[in-house]
Amino acid sequence: RYSLFYNHLKNIEESEGGLDKFTKSYKTFGVNQLVDGGIYCKEWAPGAEAVFLAGDFNGWNPFSHPYKKLEYGKWELFIPPKDGCSPVPHGSKLKVVIRAQNGALLYRISPWARYVVRDEDKVNYDWVHWNPPQSYIHKNPSPKRLKSLRIYESHVGIASPEGKVASYKNFTYNVLPRIKDLGYNCVQLMAIMEHAYYASFGYQVTSFFAASSRYGTPDDLKEMIDVAHSMGITVLLDVVHSHASKNSEDGLNQFDGTDSCFFHSGYRGNHQLWDSRLFDYANWEVLRFLLSNLRMWIEDYRFDGFRFDGVTSMLYHHHGIGTGFSGDYNEYFGLHVDEDALCYLMLANHMINSLHPECITIAEDVSGMPALCRPVAEGGGGFDYRLAMAIPDKWIQIIKELKDEDWNMGNIVHTLTNRRYEEKYIAYAESHDQALVGDKTLAFRLMDAEMYTNMSVLMPLTPVIDRGIQLHKMIRLITHALGGESYLNFMGNEFGHPEWLDFPRIGNNESYHYARRQFNLTEDDLLRYKFLNAFDRDMNKLEERFGWLASPQAYVSEKHESNKVIAFERAGLIFIFNFHPYQSYVDYRVVAFKYKILLDSDAGEYGGHQRLDHNTEYFSEEYPHNYRPNSIMV
């Protein structure tokens with residue numbers, strides 16, 4: 001694999017003048033404003049017979065501005081300035097006109113378009129030339145690379161209690177302060193790359209270089225990232241390079257009239273479950289397009305890294321469909337692995353690490369591909385982190401299938417600690433996947449219908465609500481402290497957001513009722529959501545203080561099946577969990593030296609029963625316990 005990567009890198013050096021020049025193509029492809037006021041246009045359309053530029057600037061004449069054909073399927077056009085000004089004004093609409101091999105004229109949006117919009121009375125998006133007189137100027141430096149990553153997974157459009165598409169401005173001034181207060185130091189933004197279908201959650205991308213216009217302008221997004229940086233918050237982009245929308249009118253599909261431009265032709269170029277197109281990662285111009293795309297998001301918008309979506313689909317020719325992964329190495333090496341896709345990921349991480357070493361990359365891979373998070377120089381994938389995707393599945397399985405007294409402590413600890421040596425994992429109890437319609441969040445699984453009637457502090461604390469609130473806190477804390485080297489939470493889940501997430505679509509009468517986050521629930525003193533919100537905040541603040549995510553893996557001193565107790569040490573802290581449904585313990589011996597309570601899920605401010613004295617300090621005795629020389633009674 002390293003040999004394949006090295007050959008690609010060598011070819012880029014020899015034929016393109018190096019990786020730096022190769023990945024700067026976002027500055028020359030598409031439609032670009034020149035310093036003298038002229039316009040330079042460049043496209044890759046290998047299947048086209050002729051290429052033209054049409055738009056408001058030429059009265060939509062499809063033939064007045066033909067491109068000149070270059071080598072290797074490239075086309076270019078230079079439009080001189082008009083009276084010292086740009087011949088294509090800011091805000092004017094454009095289309096690339098392709099004469100296909102069958103003679104048909106195809107009106108397309110440039111794959112490199114920076115801004116596309118959809119009028120309310122139209123189905124398709126329009127390409128708008130974005131060249132404002134004064135672009136947003138970033139004022140704040142990017143934060144330094146974080147040791148402990150506490151990620152708030154977010155979607156701009158649903159980040160409001162109101163039933164509407166929320167804006168970048170709303171996120172900047174209403175949501176970022178909330179994220180900061182909760183103790184998260186990183187925000188991971190979904191659905192930023194333009195996608196025509198809102199209900200796709202941003203995973204059916206149509207314009208890869210365009211920030212979604214449904215939330216505002218490119219400058220609004222730049223301001224949002226700049227304000228996040230001023231708060232010391234790292235900003236990651238959920239990047240979708242695993243597939244693309246099948247749209248052709250306003251997407252990449254059949255850009256030049258063939259099914260092989262950017263994608264594999266025929267069966268290999270289609271994802272049977274996602275109904276989308278699959279990139280040809282062996283193609284030189286596809287590599288240019290995708291690598292330049294990453295660089296544009298970093299350098300133009302100042303994103304601090306990426307979460308790569310759908311990595312499992314990229315890694316294997318079977319795309320993970322109908323395939324289980326047991327950890328056997330035969331599952332990761334062989335002809336079923338798409339080495340071209342893996343080589344692209346290595347190139348992407350090498351480029352990011354070489355040009356912007358402060359940036360972070362995360363792999364969403366469910367298969368457990370070995371060395372995915374080891375350096376490229378070792379033959380690894382080069383990612384910094386991978387998602388610990390088995391953990392949320394384990395919590396769902398436990399809550400769905402087991403009675404409380406049947407919870408297996410050893411199995412919980414195994415799932416939380418089962419990760420590849422020296423590869424960093426992002427632990428999470430639930431993400432956006434569990435919040436979507438058709439699934440249930442932890443809070444909804446634990447409390448279900450009673451969330452509608454019994455979350456008021458004026459109502460008696462029912463057994464269902466009591467159990468749900470306590471387990472919600474315990475599950476999140478043990479996942480945070482034991483499950484990885486980073487932690488992730490999807491917006492709203494920190495306080496047990498009720499119901500599910502569903503975008504407007506035909507099936508729900510285009511309703512926005514479930515496409516929102518009811519942050520106002522935490523601000524109502526009469527509702528118990530405030531307890532979960534406060535616990536999540538203090539849990540993050542405690543990690544910020546002690547840094548257990550950046551510490552070596554925990555030493556688990558106890559996983560007692562009959563007592564339902566788990567105890568472990570990490571970052572100089574002792575974590576003790578009693579998962580027994582009805583049994584409390586007095587004078588319970590655990591491994592420790594000096595003991596003082598720092599975080600207690602049973603505290604009153606977290607909706608607990610206040611059964612422990614936080615003012616007492618306990619000192620250990622020389623009493624060996626669980627292979628440690630000292631222990632205390634708690």
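Q: Which residues of strand β18 point one way and which the other way, and are they buried or exposed?
A: In this predicted model, strand β18 covers residues 360-363, with I360 and I362 pointing one way and T361 and A363 the other way, and all are buried. In a regular strand, side chains alternate between the two faces of the sheet.

Q: What makes β17 and β19 pairing partners of β18?
A: Two strands count as paired when at least two bridges are found between them. Strand β17 (residues 305-308) is joined to β18 by four bridges in the parallel sense, and strand β19 (residues 385-387) is joined to β18 by two bridges, also in the parallel sense, so both meet the criterion of at least two. A363 takes part on each side, being the bridge partner of F308 and having R386 in β19 as a bridge partner.

Q: Why is the pair of F535 and Y606 called edge-to-face?
A: Ring centres must lie within 6.5 Å for a pair, and planes over 60 degrees apart count as edge-to-face. The centres of these two rings are 5.2 Å apart and their planes stand at 80 degrees, so the F535 and Y606 pair is edge-to-face. By the same rule the count comes to 43 aromatic pairs.

Q: What makes this pair a tie between parts that are 71 residues apart in sequence?
A: F535 belongs to helix α13 (residues 529-546), whereas Y606 lies in the loop between β26 (594-595) and β27 (618-619), so the pair ties together parts separated by 71 residues in sequence.

Q: Why are F535 and Y606 called buried?
A: The term applies under 20% relative accessible area. F535 has 2% and is therefore buried, and Y606, with 5%, is therefore buried as well.

Q: How do you know that K222 and R628 sit over rings?
A: The distance part of the rule asks for the charged atom to be within 6 Å of the ring centre. The charged end of K222 sits over the ring of Y301 at 5.3 Å from its centre, and R628 lies over the face of Y555 at 3.9 Å from the ring centre.

Q: Why is H155 called buried, and what does H155 touch?
A: H155, which has its place in strand β10 (residues 149-155), has a relative accessible area of 0% and is therefore buried. Leaving aside residues up to four places away in sequence, H155 touches M190, A191, Y198, F201, Y215, M491 and F503.

Q: Why are β1 and β4 called edge strands?
A: The open sheet has four strands in the order β1-β2-β5-β4, with antiparallel pairing. In that sheet β1 (30-33) and β4 (68-69) each pair on one side only, and this makes them the edge strands. Two bridges join β4 to the antiparallel strand β5 (residues 74-79), where K68 stands opposite E76.

Q: What caps the N-terminal end of α9, and what covers the buried residues of α9?
A: N408 provides the cap, with a side-chain oxygen 3.0 Å from the backbone nitrogen of G410. The buried residues of α9 (residues 409-417) are M409, G410, I412, V413, T415 and L416, and what covers them includes α8 (390-401), α12 (463-482), β22 (555-560) and β23 (565-570).

Note on methods. Residues numbered from 1 in each chain as written. Predicted model: local features only at pLDDT ≥ 70, side-chain atom pairs only at ≥ 80, totals over all residues. Heavy atoms only, no water. Buried < 20%, exposed > 50% of the residue type's maximum accessible area, 1.4 Å probe, protein only. Contact = heavy atoms within 4.5 Å. Polar contact = N/O pair within 3.5 Å; in protein donor to acceptor, adjacent residues only side chain to side chain. Phe/Tyr/Trp six-rings, centres within 6.5 Å; stacked < 30°, edge-to-face > 60°. Lys NZ or Arg CZ within 6 Å of the ring centre and 35° of its normal.
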